[in-house]
Amino acid sequence: MTVLPYARYCDEILVQTALLASLLDGADLAARVPTCPDWTLRDLAVHVGGAHRWAGEIVRRRATEEIPAKEVPGAEGPEGDDPAALAAWLNRGAEESVRALREAGPDAGVWAWGWERSSSFWARRMTHETLVHRADAAFATGRAFEADPEPAADTITEWLQIMSFVQSTGYIPEAAELRGPGRSLHLHATDVPGAEWLVELGEDGFTWRHAHAKATVALRGPLTELMLAFNRRQKPDEGGLEVLGDRELLDFWLERSSFG
(Lines give C-alpha, C1' and ligand atoms only; values in the text may rest on other atoms or scores of the structure.)
Protein backbone atom coordinates (compact mmCIF):
# COMPACT_ATOMS: atom_id res chain seq x y z
CA MET A 1 0.00 0.00 0.00
CA THR A 2 1.50 3.35 -1.06
CA VAL A 3 0.82 6.95 -0.08
CA LEU A 4 -2.03 8.67 -1.88
CA PRO A 5 -1.80 11.31 -4.61
CA TYR A 6 -1.61 14.89 -3.36
CA ALA A 7 -4.98 15.75 -4.91
CA ARG A 8 -6.58 12.81 -3.06
CA TYR A 9 -5.28 14.11 0.27
CA CYS A 10 -6.79 17.52 -0.46
CA ASP A 11 -10.11 15.89 -1.31
CA GLU A 12 -9.98 13.68 1.78
CA ILE A 13 -9.49 16.63 4.13
CA LEU A 14 -12.79 18.04 2.87
CA VAL A 15 -14.60 14.70 2.92
CA GLN A 16 -13.41 13.69 6.39
CA THR A 17 -14.16 17.14 7.81
CA ALA A 18 -17.69 17.12 6.40
CA LEU A 19 -18.28 13.69 7.94
CA LEU A 20 -16.91 14.85 11.28
CA ALA A 21 -19.00 18.03 11.15
CA SER A 22 -22.14 15.96 10.46
CA LEU A 23 -21.60 14.16 13.78
CA LEU A 24 -22.05 17.47 15.60
CA ASP A 25 -25.64 17.82 14.38
CA GLY A 26 -27.87 17.69 17.45
CA ALA A 27 -24.98 16.48 19.62
CA ASP A 28 -24.15 17.51 23.18
CA LEU A 29 -20.92 19.48 22.72
CA ALA A 30 -20.15 19.04 26.42
CA ALA A 31 -20.07 15.24 26.08
CA ARG A 32 -16.75 13.64 26.96
CA VAL A 33 -14.79 11.90 24.21
CA PRO A 34 -14.03 8.39 25.55
CA THR A 35 -10.93 7.96 23.37
CA CYS A 36 -9.60 11.43 24.35
CA PRO A 37 -10.96 11.68 27.92
CA ASP A 38 -9.53 15.14 28.62
CA TRP A 39 -11.64 16.60 25.81
CA THR A 40 -15.29 17.39 25.29
CA LEU A 41 -16.78 17.00 21.82
CA ARG A 42 -16.42 20.77 21.38
CA ASP A 43 -12.74 20.58 22.39
CA LEU A 44 -12.21 17.87 19.78
CA ALA A 45 -13.82 19.88 16.98
CA VAL A 46 -11.90 23.03 17.91
CA HIS A 47 -8.65 21.07 17.98
CA VAL A 48 -9.25 19.76 14.45
CA GLY A 49 -10.43 23.09 13.08
CA GLY A 50 -7.51 24.88 14.69
CA ALA A 51 -5.07 22.36 13.23
CA HIS A 52 -6.52 22.90 9.76
CA ARG A 53 -6.12 26.66 10.06
CA TRP A 54 -2.59 26.35 11.47
CA ALA A 55 -1.39 24.03 8.72
CA GLY A 56 -3.13 26.14 6.09
CA GLU A 57 -1.47 29.30 7.37
CA ILE A 58 1.96 27.64 7.28
CA VAL A 59 1.41 26.66 3.67
CA ARG A 60 -0.23 29.93 2.64
CA ARG A 61 2.69 31.98 4.03
CA ARG A 62 5.29 29.48 2.78
CA ALA A 63 6.58 29.71 6.35
CA THR A 64 10.14 28.54 6.97
CA GLU A 65 9.68 28.55 10.75
CA GLU A 66 6.88 27.37 13.02
CA ILE A 67 3.95 29.79 13.29
CA PRO A 68 2.63 30.19 16.86
CA ALA A 69 -0.99 29.12 17.17
CA LYS A 70 -1.92 32.53 18.61
CA GLU A 71 -1.00 34.11 15.27
CA VAL A 72 -3.49 31.98 13.33
CA PRO A 73 -6.75 33.87 12.68
CA GLY A 74 -9.89 32.21 14.01
CA ALA A 75 -8.14 29.14 15.41
CA GLU A 76 -9.89 29.41 18.77
CA GLY A 77 -13.28 28.45 17.33
CA PRO A 78 -16.65 30.20 17.33
CA GLU A 79 -18.23 31.62 20.47
CA GLY A 80 -21.07 29.76 22.12
CA ASP A 81 -22.15 26.13 21.96
CA ASP A 82 -24.24 26.01 18.81
CA PRO A 83 -23.42 22.72 17.02
CA ALA A 84 -24.41 24.16 13.64
CA ALA A 85 -22.08 27.15 14.06
CA LEU A 86 -19.25 24.86 15.13
CA ALA A 87 -19.82 22.53 12.17
CA ALA A 88 -19.81 25.48 9.75
CA TRP A 89 -16.60 26.81 11.31
CA LEU A 90 -15.01 23.37 11.02
CA ASN A 91 -15.87 23.01 7.34
CA ARG A 92 -14.74 26.55 6.58
CA GLY A 93 -11.31 25.93 8.10
CA ALA A 94 -10.87 22.78 6.03
CA GLU A 95 -11.83 24.65 2.88
CA GLU A 96 -9.33 27.42 3.63
CA SER A 97 -6.56 24.92 4.33
CA VAL A 98 -7.27 22.95 1.16
CA ARG A 99 -7.35 26.14 -0.89
CA ALA A 100 -3.85 26.97 0.37
CA LEU A 101 -2.62 23.44 -0.30
CA ARG A 102 -3.98 23.35 -3.83
CA GLU A 103 -2.52 26.77 -4.66
CA ALA A 104 0.87 25.69 -3.30
CA GLY A 105 1.00 22.32 -5.04
CA PRO A 106 2.72 19.25 -3.61
CA ASP A 107 6.33 20.47 -3.68
CA ALA A 108 6.18 23.84 -1.93
CA GLY A 109 8.89 24.11 0.70
CA VAL A 110 7.43 25.00 4.10
CA TRP A 111 8.21 24.40 7.76
CA ALA A 112 7.01 21.10 9.20
CA TRP A 113 7.83 19.25 12.39
CA GLY A 114 8.47 15.98 10.56
CA TRP A 115 10.93 14.47 8.14
CA GLU A 116 9.54 16.17 5.03
CA ARG A 117 9.34 19.97 4.98
CA SER A 118 6.81 20.47 2.25
CA SER A 119 3.14 21.08 1.54
CA SER A 120 2.77 17.35 0.87
CA PHE A 121 3.58 16.60 4.50
CA TRP A 122 0.74 18.81 5.67
CA ALA A 123 -1.79 17.49 3.15
CA ARG A 124 -1.17 13.95 4.36
CA ARG A 125 -0.95 14.86 8.05
CA MET A 126 -4.23 16.81 8.03
CA THR A 127 -5.98 13.97 6.22
CA HIS A 128 -5.09 11.50 8.94
CA GLU A 129 -5.56 13.98 11.78
CA THR A 130 -9.12 14.49 10.59
CA LEU A 131 -9.85 10.83 9.87
CA VAL A 132 -8.72 9.58 13.28
CA HIS A 133 -10.49 12.37 15.15
CA ARG A 134 -13.64 11.59 13.17
CA ALA A 135 -13.45 8.18 14.81
CA ASP A 136 -13.16 9.91 18.20
CA ALA A 137 -16.27 11.98 17.43
CA ALA A 138 -18.14 8.86 16.35
CA PHE A 139 -17.33 7.14 19.63
CA ALA A 140 -18.42 10.26 21.56
CA THR A 141 -21.79 10.41 19.78
CA GLY A 142 -22.47 6.68 19.63
CA ARG A 143 -22.35 6.59 15.84
CA ALA A 144 -20.86 3.94 13.58
CA PHE A 145 -17.44 4.53 12.06
CA GLU A 146 -16.04 3.17 8.82
CA ALA A 147 -13.03 4.32 6.79
CA ASP A 148 -12.15 3.92 3.13
CA PRO A 149 -9.33 1.38 2.71
CA GLU A 150 -6.67 3.62 1.16
CA PRO A 151 -6.61 6.42 3.76
CA ALA A 152 -7.17 3.91 6.58
CA ALA A 153 -4.11 1.92 5.52
CA ASP A 154 -2.09 5.08 5.04
CA THR A 155 -2.72 6.16 8.63
CA ILE A 156 -0.83 3.05 9.74
CA THR A 157 2.02 3.67 7.30
CA GLU A 158 2.32 7.31 8.32
CA TRP A 159 2.26 6.45 12.03
CA LEU A 160 5.13 4.02 11.55
CA GLN A 161 7.04 6.78 9.77
CA ILE A 162 6.27 9.20 12.59
CA MET A 163 7.48 6.73 15.21
CA SER A 164 10.64 6.04 13.22
CA PHE A 165 11.26 9.78 12.95
CA VAL A 166 10.77 10.54 16.64
CA GLN A 167 12.94 7.56 17.57
CA SER A 168 15.78 8.79 15.36
CA THR A 169 15.56 12.33 16.73
CA GLY A 170 15.11 11.39 20.39
CA TYR A 171 12.12 13.74 20.54
CA ILE A 172 9.91 11.23 22.36
CA PRO A 173 11.84 9.31 25.07
CA GLU A 174 9.38 6.39 25.05
CA ALA A 175 10.08 5.77 21.37
CA ALA A 176 13.71 5.00 22.21
CA GLU A 177 12.48 1.88 24.02
CA LEU A 178 11.06 0.40 20.82
CA ARG A 179 14.03 -1.87 20.26
CA GLY A 180 15.14 -5.37 21.13
CA PRO A 181 16.59 -7.87 18.64
CA GLY A 182 14.60 -10.88 17.61
CA ARG A 183 11.17 -9.39 18.23
CA SER A 184 8.65 -8.40 15.57
CA LEU A 185 5.04 -7.39 14.98
CA HIS A 186 2.87 -8.28 12.00
CA LEU A 187 -0.20 -6.17 11.20
CA HIS A 188 -2.54 -7.91 8.78
CA ALA A 189 -5.77 -6.49 7.38
CA THR A 190 -7.74 -9.55 6.35
CA ASP A 191 -10.21 -7.71 4.12
CA VAL A 192 -7.84 -5.60 1.97
CA PRO A 193 -5.17 -7.32 -0.17
CA GLY A 194 -1.68 -6.00 0.47
CA ALA A 195 -2.54 -4.14 3.66
CA GLU A 196 0.15 -5.74 5.81
CA TRP A 197 3.05 -4.34 7.79
CA LEU A 198 6.00 -6.11 9.43
CA VAL A 199 7.74 -4.21 12.23
CA GLU A 200 11.13 -5.60 13.29
CA LEU A 201 12.82 -4.44 16.48
CA GLY A 202 16.61 -4.35 16.47
CA GLU A 203 19.53 -3.24 18.63
CA ASP A 204 19.35 0.37 17.47
CA GLY A 205 15.61 0.77 16.97
CA PHE A 206 12.98 -0.66 14.67
CA THR A 207 12.42 -0.95 10.95
CA TRP A 208 9.25 -1.73 9.05
CA ARG A 209 8.13 -2.87 5.64
CA HIS A 210 5.07 -4.18 3.85
CA ALA A 211 5.34 -7.96 4.12
CA HIS A 212 3.53 -11.14 5.05
CA ALA A 213 5.74 -13.01 7.49
CA LYS A 214 5.67 -14.87 10.78
CA ALA A 215 6.30 -12.54 13.72
CA THR A 216 6.55 -12.60 17.49
CA VAL A 217 3.02 -11.22 17.62
CA ALA A 218 0.40 -10.65 14.95
CA LEU A 219 -2.64 -8.39 15.00
CA ARG A 220 -5.12 -9.34 12.29
CA GLY A 221 -8.66 -8.46 11.29
CA PRO A 222 -10.69 -5.87 9.34
CA LEU A 223 -8.68 -2.85 8.21
CA THR A 224 -10.86 -0.23 9.90
CA GLU A 225 -10.58 -2.07 13.21
CA LEU A 226 -6.84 -2.59 12.72
CA MET A 227 -6.41 1.12 12.10
CA LEU A 228 -8.38 2.00 15.22
CA ALA A 229 -6.36 -0.37 17.39
CA PHE A 230 -3.00 0.76 16.00
CA ASN A 231 -4.05 4.36 16.64
CA ARG A 232 -5.01 3.33 20.18
CA ARG A 233 -8.72 4.04 19.68
CA GLN A 234 -9.80 0.57 20.76
CA LYS A 235 -8.29 -2.48 22.39
CA PRO A 236 -6.47 -4.99 20.18
CA ASP A 237 -8.99 -7.71 20.94
CA GLU A 238 -12.06 -5.61 20.07
CA GLY A 239 -13.83 -5.19 16.75
CA GLY A 240 -13.22 -8.70 15.51
CA LEU A 241 -9.43 -8.43 15.78
CA GLU A 242 -7.22 -11.36 16.75
CA VAL A 243 -3.94 -11.22 18.64
CA LEU A 244 -1.71 -14.19 17.83
CA GLY A 245 1.49 -14.68 19.79
CA ASP A 246 3.14 -12.44 22.37
CA ARG A 247 0.42 -10.03 23.55
CA GLU A 248 2.87 -8.36 25.92
CA LEU A 249 5.00 -7.22 22.99
CA LEU A 250 1.96 -5.68 21.27
CA ASP A 251 1.00 -3.87 24.47
CA PHE A 252 4.63 -2.74 24.86
CA TRP A 253 4.52 -1.17 21.39
CA LEU A 254 1.14 0.50 21.88
CA GLU A 255 2.09 1.97 25.26
CA ARG A 256 5.23 3.56 23.84
CA SER A 257 3.61 4.97 20.74
CA SER A 258 0.76 6.72 22.52
CA PHE A 259 1.87 10.35 22.47
CA GLY A 260 -0.20 11.27 19.38
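**Reading a predicted model**

Reply: Thr224 has a relative accessibility of 4% and therefore counts as buried, since buried means under 20%. Please bear in mind that the model is a predicted one.

Me: In which element is Thr224 placed?

Reply: Thr224 belongs to helix α6, which covers residues 223–230.

Me: With which residues is Thr224 in contact, leaving aside its neighbours within four places in sequence?

Reply: Contact means that heavy atoms lie within 4.5 Å. With those neighbours left aside, Thr224 is in contact with Phe145, Glu146 and Ala147. With Glu146 there is also a polar contact from side chain to side chain, at 2.8 Å.

Me: Let us take another residue. Is Glu203 buried or exposed?

Reply: The cut-off for exposed is over 50% relative accessible area. Glu203 is exposed, because its relative accessibility is 60%. Its place is the loop between β4 (196–202) and β5 (205–209).

Me: What surrounds Glu203, apart from its neighbours within four places in sequence?

Reply: Apart from those, Glu203 is in contact with Arg179 and Pro181.

Me: Now for the whole protein. How many helices and strands does the protein have?

Reply: The protein has 7 helices and 7 strands. Read from the N terminus, their order is α-β-β-α-α-α-α-β-β-β-β-α-β-α. The radius of gyration is 18 Å, close to the 18 Å given by the globule rule for 260 residues, so the protein is as compact as a globular protein of that length.

Me: What does the C-alpha trace span along its principal axes?

Reply: The C-alpha trace spans about 50 × 40 × 35 Å.

Me: How should I read burial and contacts for the protein as a whole?

Reply: Each is given as a share. Of the 260 residues, 55% count as buried. Among contacts with a separation of 6 or more, 65% come from residues 24 or more positions apart.

Me: Finally, how far apart are the mean positions of the positive and negative charges?

Reply: There are 26 positive and 41 negative charges, and their mean positions are 2 Å apart.

Methods: Residues numbered from 1 in each chain as written. Predicted model: local features only at pLDDT ≥ 70, side-chain atom pairs only at ≥ 80, totals over all residues. Heavy atoms only, no water. Helix = DSSP H or I, 4+ residues; strand = E, 2+ residues; numbered from the N terminus. Rg over C-alpha atoms; globule rule 2.2 N^0.38 Å. Buried < 20%, exposed > 50% of the residue type's maximum accessible area, 1.4 Å probe, protein only. Lys, Arg positive; Asp, Glu negative; His and termini not counted. Charge placed at Lys NZ, Arg CZ, Asp CG, Glu CD. Polar contact = N/O pair within 3.5 Å; in protein donor to acceptor, adjacent residues only side chain to side chain.
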